[in-house]
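Dear colleague,

Please find the structure below, together with its sequence.

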Amino acid sequence: MTSLIMIFGATGDLAKRKLFPSLYRLFSKNKLDKFAVIGVARRPLSNDEFQQSVKDSVLSALGNKDNLDEFVSHFYYQSHDVADSNSYVSLKKFADEIDTNYKLEGNRIFYLAMAPEFFGPIALHLKSDGLTDVTGYKRLVIEKPFGHDLASAKELNKQIRTAFSEEEVYRIDHYLGKEMVRNIEVIRFANAIFEPLWNNRYISNIQITSSETLGVEERGRYYESSGALRDMLQNHMMQMVALLAMEPPIKLTTDEIRSEKVRVFRALRTVDGEEVNQFFVRGQYGEGTIEDEQVPKYRDEPMVDKESNTETFVAGKIMIDNFRWAGVPFYIRTGKRMTTKSTKIVIQFKDIPMNLYYQTEKMLNPNLLVIHIQPEEGITLHLNAKKAGGHLDAQTVKLSFANTGIHAMNTPEGYEKLLFDCMRGDATNFTHWDEVAYSWAFVDKISEVWEKTKESFPNYQSGTMGPKETDELLEKDGYFWWPVTDLEVDICK
Ligand code: NAD
């Protein structure tokens, strides 16, 4: 791949923890052909200092590595004020020189790893100060959050679209870089045994859990105006719903896949007004114990309002009103300071028409297909089979597949895959504007209601799976959450 990558925010946390190590991995796999990186940030730094910080971040993420000096020799640094045209003029001059020296064919990737309020102004400057006047391709990679609601997302989109066409905008949703999220499509569309059952005739409900044990930590300022709804549901959780619910695309092209996902978003049942609190539950963590350690409540975290009404947990029931999914609830829950760190999808199949076999003391368990997204990666299919011995008692057996082989060699980081996709010009695993707009429209209805009323927070103890209303959400429908800790499989040990 031949490209000049300009990282805005090159001294920040994301660049250090994710972007530099991911670029190094691409480099070490010979996936970067001719390339150079210009790191752009506010503070003054020499090239040497910058290269040292890139080295440090690769070493701390990946351990001792070969050819690091050669790798970092491709990195340059430019101190920059994002609001000042003069900064862009000198950046353009510098970029043109690097482009010529490395024969980069005028290909440019602008990666915005900065606070979201800068996204729009940077895009406008890139255009007005001539950085986007290139002979090769130009692509904009933009981090989350993409707006704060539909109105602000529209405004941001308008600003970036003055400089880049929709095809040139790569909106990051790092869940779409995860191995098992990408696998959802293959599991569904490459298996004769699943796709015929993948509908409301055979599936009773789908449960998606993304739980963290960490609290808000240093991100209090950002999180206060975001909350779990905007930080997790609007993007990552909705993307997983779309991948699980979409129709098979005609072809595996970016446009076809995106258009099927958009059709799911169009079929989402709007939850509005009084319905919001019937379909969604919000929570905020109180103090508690996690892994034997006492942790403070959210309201005692740094840069958090003592009376904060921000939710650190959200659970909900999402209905998709189309032929395939009518009547099948998609339950989602996500939050901080929960029992365990886990992202899992459970597809629960309907009960068979009549139970001939009983398990000891309990009814037959339904079939489950569990997709383990993180930390372990794999699939488990729960079936019923005869218990060894004389009787015809049934017991649950689990067929498991684990990405252990790849794991041993280190599954590529999500960011590594996404960066490579962007260089190849494959936008499939980035979110299209239509997806962003539909999911904001859905989420805005919820936040409008929640912002008007104060909840009696904190309402769940740290180290638990959220407020009790989360369980009631499913109990009302005759279901229960499959405990993620029980679903842990004997894989990736
Ligand atoms: P950060 O605060 O650690 O870094 C911000 C960077 O922006 C620094 O390099 C800083 O020098 C630069 N900067 C700030 N003001 C500037 C100015 N006026 N002119 C020039 N440069 C300026 O932020 P981060 O955690 O790296 O996050 C960056 C973006 O990535 C945010 O949009 C965030 O939401 C998103 N993101 C971060 C993570 C993560 O793991 N850190 C994960 C997902 C998304």
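**The ligand and its surroundings**

A backbone N or O atom of G9 lies 3.3 Å from an oxygen atom of the ligand. Please note that the model is a predicted one. Another backbone N or O atom, belonging to M114, is found 2.8 Å from an oxygen atom of the ligand. R17 contributes its side chain instead: a polar atom there lies 2.5 Å from a ligand oxygen atom. On its own the ligand would expose 830 Å², of which the protein buries 77%. The ligand is surrounded by 20 residues, and the closest are T11, D13, L14, R17 and M114. Helix α1 (residues 13-28) supplies 3 residues, the largest share of this shell.

**Helix α5**

Which residues of helix α5 (residues 119-128) are buried? They are F119, G120, I122, A123, H125 and L126. An α-helix has 3.6 residues a turn, so residues three or four places apart point the same way. The buried residues of α5 pack against the helices α4 (85-102) and α6 (150-161), and also against the strands β1 (2-8), β4 (108-112) and β5 (138-142). After α5 comes G130, with a positive phi near 85°.

**A sheet of three strands**

An open sheet with mixed pairing has 3 strands in the order β10-β9-β17. Because β10 (293-295) and β17 (460-462) stand at its edges with a single partner strand each, one side of each has no neighbour in the sheet. On average, neighbouring strands of this sheet are turned by 25° against each other, direction ignored. Strand β9 (residues 285-290) pairs with β10 in the antiparallel sense over 3 bridges, and T289 stands opposite Q294 in β10.

Yours sincerely

Definitions and conventions
Residues numbered from 1 in each chain as written. Predicted model: local features only at pLDDT ≥ 70, side-chain atom pairs only at ≥ 80, totals over all residues. Heavy atoms only, no water. Buried < 20%, exposed > 50% of the residue type's maximum accessible area, 1.4 Å probe, protein only. Helix = DSSP H or I, 4+ residues; strand = E, 2+ residues; numbered from the N terminus. Contact = heavy atoms within 4.5 Å. Pairing = 2+ DSSP bridges. Axes fitted to C-alpha atoms, helices over the stretch in contact; angles between N-to-C directions. Near = heavy atom within 4 Å. Polar contact = N/O pair within 3.5 Å; in protein donor to acceptor, adjacent residues only side chain to side chain. Areas by Shrake-Rupley, 256 points an atom, 1.4 Å probe, with all protein chains shown as cover.
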